[in-house]
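Please look over the sequence and the structure below before reading on. The briefing that follows takes up the sheet, the helices and a pocket in turn.

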Amino acid sequence: MELLECPLAIDDLDSFVADLGEIGETHGTTLQAFDARYVAGPRHLERAVELADRSIARGENVARDRAVEILLYAAGRRQIDRALEMGVGEGENRAVVLADGGDEAAALEGVRELAAFAGTASTLENPDEETLQAFFEIPDRERAATDASLGALVRERVALLEVEK
């Protein structure tokens, strides 16, 4: 798995998603773009990939598309429409593009060539803890009751999706 942290300026979301699909197909790579505000670091996405792959291997996947299954796990939600909130949207985005499988480097180079690509920037530094807590429904009292990091609590929510199935 490789990640590309970057700002994206998306004029047409459907076209952007289609472009990601074509790039992924060309390089045998699963590509998924996330709104960086909802990503609690690389380990969060690594865990989502692991659990999505396990779900697919067992025939228990909710989505037909691997990229969407990864999005479901990353968001910790079973409903695709609710998980899509974690994806990018039209306009300016602080994004993280995940590439997994195949020629990941070439696939990410293809993403860099898209009109929506607006340069490279670190998007995972200094996460907005309030946004992460709200999205993953982690109350202050839960954080106060543990010495676990916010990233660990988010990864726990990702893993809980498996239990909720």
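How many bridges join β2 to strand β3? Six bridges do so, and β2 and β3 (residues 91-100) run antiparallel. This is a predicted model, in which local features need pLDDT of at least 70 and side-chain atom pairs count only at pLDDT 80 or more, while totals for chains, interfaces and linings use all residues. Residues are numbered from 1 along each chain as its sequence is written, and side-chain values use heavy atoms, with hydrogens and water left out.

**The sheet**
- Three strands form an open sheet in the order β1-β3-β2 with antiparallel pairing, where strands are DSSP runs of E with at least two residues, helices are runs of H or I with at least four, both numbered from the N terminus, and two strands pair if DSSP finds at least two bridges between them.
- The edge strands, each pairing on one side only, are β1 (2-10) and β2 (30-35), and from one strand to the next the twist averages 30 degrees.

**Burial of β2**
- Six of the six residues of β2 are buried, buried meaning under 20% relative accessible area with a 1.4 Å probe and protein chains only.
- Both faces of the strand are covered, with T30, Q32 and F34 buried on one side and L31, A33 and D35 buried on the other.

**Helices across the sheet**
- Helix α1 (residues 13-27) lies across β1 and β2 and runs at about 145 degrees to β2, the angle being taken from 0 to 180 degrees between N-to-C directions of axes fitted to C-alpha atoms, for helices over the stretch in contact, that is, with heavy atoms within 4.5 Å.
- Helix α5 (residues 104-112) lies across β1, β2 and β3, running at about 15 degrees to β1.

**The largest pocket**
- The largest pocket has a volume of about 430 Å³ (an open set of points on a 1 Å grid where a 1.4 Å probe fits, with protein on both sides within 12 Å along at least five of seven lines, and lining residues having an atom within 4 Å of a point; the volume is the space filled by probe spheres set on the points).
- Of its 19 lining residues, V17, L31, Q32, A67 and V68 are the closest to the centre.
- The largest share of the lining, six residues, comes from α1, and α1, β2 and α3 (66-75) each supply at least two residues.

Key:
Buried means under 20% relative accessible area, exposed over 50%, partly exposed in between (1.4 Å probe, protein chains only).
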